[in-house]
Structures are given as structure tokens and as C-alpha cells.
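Please look over the following protein model, residue by residue, before reading the questions below.

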Amino acid sequence: MPKAMVIRAPGTNCDAELCRGFAQAGAQVELVHVEALIREPSRLDSADLLGIPGGFSYGDDIASGRIFAMKVRERLYAPLREALLRGAPMMAPCNGFQVVVQVGLLPGPDAGDAWPTGEPPAQSLALCDNVGGRFLDRWVAVEVEPSTVCVRTGGLFDQIPEEFRKDVAMLPVAHGEGRLVGSGPGAMAALTASGRVALRYGEPVNGSEDEVAGVCDASGRLFGLMPHPERYLEWTRHPYWTRLPAEVLKGPTPGARMFQNAVEAVSRAWSIA
């Protein structure tokens with residue numbers, strides 16, 4: 001059974017949901033405080049899957065995810081690098097996305113380039129205040145980028161009949177700093193061309209460049225996004241699930257499917273090895 005490690009911090013509030021997503025997909029889950037991991041980073045060696053959950057880590061003092069990110073960047077980059085190199089998929093929703101972007105883990109090196117062995121990569125994406133300056137807490141339409149290499153979004157809506165995909169292709173968001181911007185003109189287009197843009201909003205949400213909602217690294221295994229798939233593990237979470245047909249409700253939700261895809265990717269790697 002694959003082992004998933006979920007890394008939390010003071011203020012994290014979606015760790016239980018992230019743990020449940022991994023467990024429902026067939027993984028054994030360990031919830032670890034970031035300070036405990038800093039004291040004993042070798043615990044990462046046994047993790048087959050990783051997760052950094054959403055919430056308000058350290059109260060989002062200074063900026064969303066900033067303190068959590070700096071702790072990871074200064075103390076845990078090397079062991080996380082090793083976990084990524086051996087193929088451990090990582091999911092980082094919402095606050096987790098803010099963390100991995102500030103650490104420099106996303107969008108990561110170009111395909112064929114190596115992760116730096118000393119200092120972490122320089123930050124090249126940022127999650128800024130939403131356009132309008134308001135906290136958003138609602139369900140939004142999402143679309144999978146067709147050219148993405150992300151292992152989590154593969155076949156996300158394939159099992160849904162075409163006439164119901166618009167209703168099903170939704171995820172909840174809850175953030176005040178979710179506007180994704182690149183380091184300069186053309187940065188987001190370059191990520192799209194390299195397959196690292198994984199998910200887009202199907203409607204204007206927070207002002208993100210090109211409506212990008214989620215990004216992966218060149219391997220497709222490290223995935224960060226502002227929406228919360230871990231809050232969409234059951235159909236009863238859908239805002240109008242009672243109007244969805246029985247044929248749709250028989251299969252997994254898109255949120256649950258993201259966790260299943262990651263566990264299946266690990267299982268495939270084991271079978272090849």
C-alpha cells in the first residue's frame with residue numbers, strides 16, 4: 001500500500017480533508033507537523049506521495065504561506081528534492097500552492113534540466129491579491145488543459161457524459177491571494193507550451209494570467225492549484241448534486257479522481273520497477 005505524507009503547520013485547516021482524499025484512494029496516510037519534519041527530515045524517505053494542505057498556515061502573517069514556505073525553503077528543500085527525484089507525486093492545494101511557489105518548487109526546472117543541488121530554484125511565479133481585493137469562497141468552473149503532462153488531471157472528466165460535464169467540472173475555491181502571475185511577459189505561455197499548465201478556470205475568478213488555476217512541474221507529478229479538490233470527494237459536496245443523474249453519481253468525483261490518479265501513478269511505477 002502506498003504511503004502518503006501530509007505536511008501541516010499551525011493554522012492549516014484542510015489537512016483532514018487531504019488525508020481523507022489519499023486514504024479513500026488507497027494510500028496509508030501519515031500527518032506530520034512541519035517542525036517535526038525539520039527535526040527528522042529522514043521521515044520523508046518512506047513517503048510515496050506528498051501533500052501540503054490548504055489553510056492559513058502561521059495565520060498567513062506577512063503574506064499567505066510565507067512563513068511555511070521559508071521554513072521549507074531553508075530546512076527541507078534537499079529532502080523534498082530527493083523525494084521528487086524518486087518520483088513521489090505531490091499535491092499542494094490553495095495555501096499549499098502558495099507555499100510551493102514561494103519555495104521555488106513550481107514550476108520547477110525545464111524538462112531535461114536538473115533540480116539545483118544547493119539553493120532552491122528562484123521563485124518565478126507569484127500568487128497575489130485577487131482582483132477586486134476580496135476573499136472568494138465559492139464553486140467555480142474549471143477546465144483541464146489538453147496539452148498538460150500532469151498525472152492528476154488525466155481523464156478527469158472522461159467518465160462523465162458530455163451533456164453533464166459542464167455541471168460536474170467544478171471545484172470550490174476559498175482564497176484572498178490566488179491571482180497567479182508569471183515572472184514576465186510570455187512566462188505563462190511558455191509554461192503552457194511545456195505542458196506545465198494543468199488547470200484553468202472556466203470563467204474569470206481572481207484575475208490569474210490566462211485564467212490559470214493549477215500548474216505542475218515538468219514531470220507532471222508535482223501539482224499545485226488554488227481550488228480545493230479535497231473538498232469534493234463526495235457528490236453530496238456538489239452545490240446541486242441532487243439534480244445530477246444517477247449515471248454520474250456512480251463514479252468518482254473529479255476531486256476524488258485526482259487522488260486516485262496519483263496513487264495509480266505510484267502503483268504503475270512499482271509494477272515497472
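Predicted model: local features only at pLDDT ≥ 70, side-chain atom pairs only at ≥ 80, totals over all residues.

Residues are numbered from 1 along each chain as its sequence is written, and side-chain values use heavy atoms, with hydrogens and water left out.

Q: Which residues of helix H1 are buried?
A: Helices are DSSP runs of H or I with at least four residues, strands are runs of E with at least two, and both are numbered from the N terminus. Buried means under 20% relative accessible area, exposed over 50% and partly exposed in between, with a 1.4 Å probe and protein chains only. In H1, which spans residues 15-24, the buried residues are Asp 15, Leu 18, Cys 19, Gly 21 and Phe 22.

Q: Why do the buried residues of H1 line one face of the helix?
A: The arc is that of the directions from the helix axis to the C-beta atoms. Seen down the axis of H1, the buried residues line one face because they fall within an arc of 155°.

Q: Is Asp 60 buried or exposed?
A: Asp 60 lies in the loop between strand E3 (49-51) and helix H3 (66-75), and its phi is positive, near 55°, in a residue other than glycine. With a relative accessibility of 17%, Asp 60 counts as buried.

Q: Is Ile 62 buried or exposed?
A: Ile 62 lies in the loop between E3 and H3, and it has a positive phi of about 75° although it is not a glycine. Its relative accessibility is 70%, so Ile 62 counts as exposed.

Q: Which residue in E7 is the bridge partner of Trp 139?
A: Strand E6 (residues 136-144) runs antiparallel to E7, and 6 bridges join them; two strands pair if DSSP finds at least two bridges between them. The partner of Trp 139 in E7 is Pro 172.

Q: What is the omega of the cis peptide bond that joins Leu 106 and Pro 107?
A: Most residues other than glycine have a negative phi, and most peptide bonds are trans. Pro 107 is placed in the loop between helix H5 (95-103) and strand E5 (125-128). The bond between Leu 106 and Pro 107 is cis, with an omega of about 10°.
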